[in-house]
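Reader: Could you take me through one part of this model in detail, the sheet together with the ligand site? I'd enjoy a connected account.

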Amino acid sequence: MKKYLVKSLVMALAAASLASAAGSAVAADFKPRIIRFGYGLSEDSNQGRAVKFFAEDLAKRTGNKVKAKGFGNASLGSDIQMQNALIGGAQEMMVGSTATLVGIVKDFGVYDLPFLFNNEAEADAVLDGPFGQKLAAKLQEKGLVGLVYWENGFRNLTNTKRPVAKLEDMQGVKLRVMQNPVYIDMFNSFGANAVPLPFSELFTALETKTVDGQENPVTTIESSKFYEVQKYLSITKHVYSPWIILASKKWWDGLSADEKRVLQESAVASRDFERKDTRAAAGKAIDTLKGKGMQVNVVADAELARMREKAKPAFDKFAADGGAEVLKELQGEIAKVRK
Ligand code: TK8
């Protein structure tokens with residue numbers, strides 16, 4: 001009798017230690033998986049470097065079981081095409097602009113209103129905080145999981161016509177903008193002729209002079225070699241532009257809890273890497289672009305104030321179009337982090 005008790009005690013202990021091993025990283029529930037991770041910029045851009053970081057980080061956390069394969073240069077499609085592929089379950093993950101999500105969740109247009117954030121620290125606090133998380137959560141019922149925000153960055157103008165030193169210099173400039181009504185309204189109100197196009201068609205549109213100019217962060221102007229087809233760079237920092245990492249909800253729902261956890265961990269690690277790397281690259285890009293022959297001017301604060309004033313109708317239209325609440329929330333959050 002006694003002997004039997006001891007034996008069953010030993011067995012129970014062995015079972016308990018086995019169960020705890022299963023809960024540890026070694027025996028976590030990872031299936032061999034390959035994630036198709038699409039993005040729009042080149043492999044050697046800040047976006048490409050961060051996708052590579054994500055893939056390496058994920059491989060480490062899963063003992064090489066869950067692998068992310070990066071597809072750059074929009075080789076899986078433009079931002080909007082990839083979003084749809086994720087919703088349909090034909091692709092697992094992507095990173096792209098939040099601006100092109102407006103066809104899925106209209107409220108995402110709020111980030112595109114000009115001159116909201118004064119600096120990167122404000123953007124980090126709001127995007128990583130309850131506001132950014134709540135907005136990202138709205139994607140779920142549309143078939144997307146928003147994991148983290150990366151920095152695309154403050155956007156600036158380039159064109160072939162003339163340096164933009166004041167509002168009037170934008171008059172008649174055919175300017176490619178993202179496929180998003182806030183951008184179209186904003187640049188039309190500035191006097192430019194806004195032409196919405198996917199990023200994947202932008203270089204060719206500049207090269208063939210279908211458009212005269214475009215607007216993007218300096219890191220992208222450098223990595224996409226826009227200096228080959230653009231003469232003037234005018235520093236306006238008119239919008240702080242986030243990127244967002246998205247996963248297909250269809251696919252996500254089939255993952256184990258361990259898989260979801262490590263994907264989230266790798267996403268956060270990649271976010272921290274990406275922001276640091278992007279900021280370092282942005283600090284050097286203007287000099288590089290000058291070296292490539294671009295003529296650079298910094299738009300004066302008084303002129304930026306005039307642009308802000310001119311953009312008022314874009315704010316009013318966004319608010320009237322169902323965005324009043326999300327705009328008020330965002331402005332409230334920015335005020336909070338500014339204090
Ligand atoms: C890349 C785009 C890009 C964005 C744009 O796919 O479209 O101008 O700034 O970063 O998302």
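Author: Strands here are DSSP runs of E with at least two residues, helices are runs of H or I with at least four, and both are numbered from the N terminus. Two strands count as paired if DSSP finds at least two bridges between them. The model is predicted, so local features need pLDDT of at least 70 and side-chain atom pairs pLDDT 80 or more, while totals for chains, interfaces and linings use all residues. Residues are numbered from 1 along each chain as its sequence is written, and side-chain values use heavy atoms, leaving out hydrogens and water.

Now the sheet: it is open and mixed, with five strands in the order β2-β1-β3-β10-β4. At its edges lie β2 (66-71) and β4 (144-154), each pairing on one side only. From one strand to the next, the twist averages 20°. Six bridges join β1 (residues 33-38) to β2 in the parallel sense, and R36 has K69 in β2 as its bridge partner.

On to the ligand. Residues around it (a heavy atom within 4 Å) include G40, D79, F199, N152, R176 and W243. R176 places a polar side-chain atom 2.7 Å from a ligand oxygen. For N152, a side-chain N or O atom is 2.9 Å from an oxygen of the ligand, and the side chain of W243 likewise has an N or O atom 2.9 Å from a ligand oxygen. Taken alone, the ligand exposes 310 Å², of which the protein buries 98%; these accessible areas come from the Shrake-Rupley method with a 1.4 Å probe.

Technical notes
Axes fitted to C-alpha atoms, helices over the stretch in contact; angles between N-to-C directions. Polar contact = N/O pair within 3.5 Å; in protein donor to acceptor, adjacent residues only side chain to side chain.
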